Amino acid sequence: MKYTYFALAACLLAGAPAAAQVTDTTRTATPAAEENFDAFGDANAGTTDYNTQKVLYLTPTKLISVGYEAQLGYNLSTAGPLPASTAPAVETKVNSARGLRLAFNAPVISRTDFIFNVGLTYWNTGLDLANAERSPYFDKLQDGLRTTGINTTIFNPIDNKHFVILQLNLDANGNYRNFQEVQTEAYTFSATGIYGWKPNDNLQWGLGLSRTYRAGQLLYIPVLLYNRTFSPQWGCEVIFPPGRNPPQLRHQRPAEAGLRTGRQHLLPGQNTEPGSVPAPRRVEAPYHLRAPALGFCVGIGPGRPALQLPQRRLPQPGPHRREGKHAGLGAFAVQKHAHQPAVLQYQPELG
Amino acid sequence: MTNRFLAFFLLIGLLVGALSAQAAANPDAVLGVWKNGEGTGMIQIFKKGDKYYGRLVWLKVANTPEGKPRTDVNNPDESKRNVLLKGLENMRDFTYKGDNKWEDGKIYDPKNGNDYSCEMTLVDPNTLEVRGFIGVSLFGRTDVWKRQVKK
């Protein structure tokens, strides 16, 4: 008897969808091509339009980026207040600094109302120093400097005029050769949040707050985002203060100028005080003229030309790490503050 | 014996029910006028033979600052840069794959002159998810379109 009821239920299940197969020709028929579409509106009430994460002709996000940087020689010196146990300020010559830069960006979620990207970066710089024995810091730099990081970017449009951007970065900076050598102090966590406005397709701007590092100290600083398209050929993409992704003047026949800022690297094994670890800080302040369509970028700066292959361009906020002592020059010097990690700064010469 | 027969009949009935539910999805349910996620354009999806196509029928900004109808100025083919955007057939070759999905199509974005692979999913009768991508679907973007009706 029980199974009879189940059989009846099965008959009903089979029959109901068949009975529901009614073609609604009024809903699926296409309207005439000469229809006045100004009179059309949303079938559902209360729908929301959303703005996009770009302005017109914005530099596209690259999914995979491979770059190689080679710099000509320059002098390197240690300067500033040093612990008494180390030698006085010394100088040496960096014969070359070169390295590979890799970046990968994947749109995990990419929808009209929500975008979530995840990116991986790897930057490596090999240094060839003369007379590295003059300072234990120089000797450590022979291992090279590298940064490995993971980042996420969230773009959440609120409606067709307002949006929110959130970016998170986790980086390991140092002279490690493998991840087992990375110390906890080498990790930096940065974050930026921006609330923005997009009044039209050619203008997008926002204000926010960034959690970042400077001279070994954790800081919270305001951030300005400004993307503007002046014409199909010219525009600007600005993040201020500049981080890893610098402010750019954008040209459609592409040549881009920018200011690139640096990162702070951890050198383990050179403790000069209990609880402190020296962390060299690299700054690159020359302006770079980039011609990605031609396949290369040429760096132009006071006394330090560099050849650099195309890098990733992202109109996204990044952590602020601008550091240096000379406007327009890369500046490197050792500084040691009480209860803070010692830092090594490079000081390339002019000419 | 009777129990086994009834159990078998039950199983067959459930299978037929499932298949009937699949057959109830209408391949032509995507036809009509849709507004893109930004609200800047309307696309009319129509059918030619067994495939589905789309054309721009309305633009929020229909004219240039000079007052002329906008044309396909970003087309990589210079000979096509004078084609009016209104009426431009920018979606083509979609095939219904069942389960409210239309795949194997192409979509052209007149904003940048690029052509993308594309697939559409009818989420509900008035909501269409259009995903354009390069190569694999992972590297793409989904735009949510809303059905438009004459008011």
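Me: Is B:Asp104 buried or exposed?
Reply: B:Asp104 is exposed, with a relative accessible area of 51%. Exposed means over 50% relative accessible area, buried under 20% and partly exposed in between, using a 1.4 Å probe and protein chains only. This is a predicted model, in which local features need pLDDT of at least 70, side-chain atom pairs count only at pLDDT 80 or more, and totals for chains, interfaces and linings use all residues. Residues are numbered from 1 along each chain as its sequence is written, chains are lettered from A and ligands numbered from 1 in the order written, and side-chain values use heavy atoms, leaving out hydrogens and water.

Me: Which residue forms a salt bridge with B:Asp104?
Reply: The partner is B:Lys97, with the closest N and O atoms 3.0 Å apart. A salt bridge is a side-chain nitrogen of Lys or Arg within 4 Å of a carboxyl oxygen of Asp or Glu. B:Lys97 is partly exposed, at 46%.

Me: How many salt bridges are there over all chains?
Reply: There are 9. One of them joins A:Arg101 and A:Glu69, whose closest N and O atoms are 2.8 Å apart.

Me: Are A:Arg101 and A:Glu69 buried or exposed?
Reply: A:Arg101 is buried at 5% relative accessibility, and A:Glu69 is buried at 2%.
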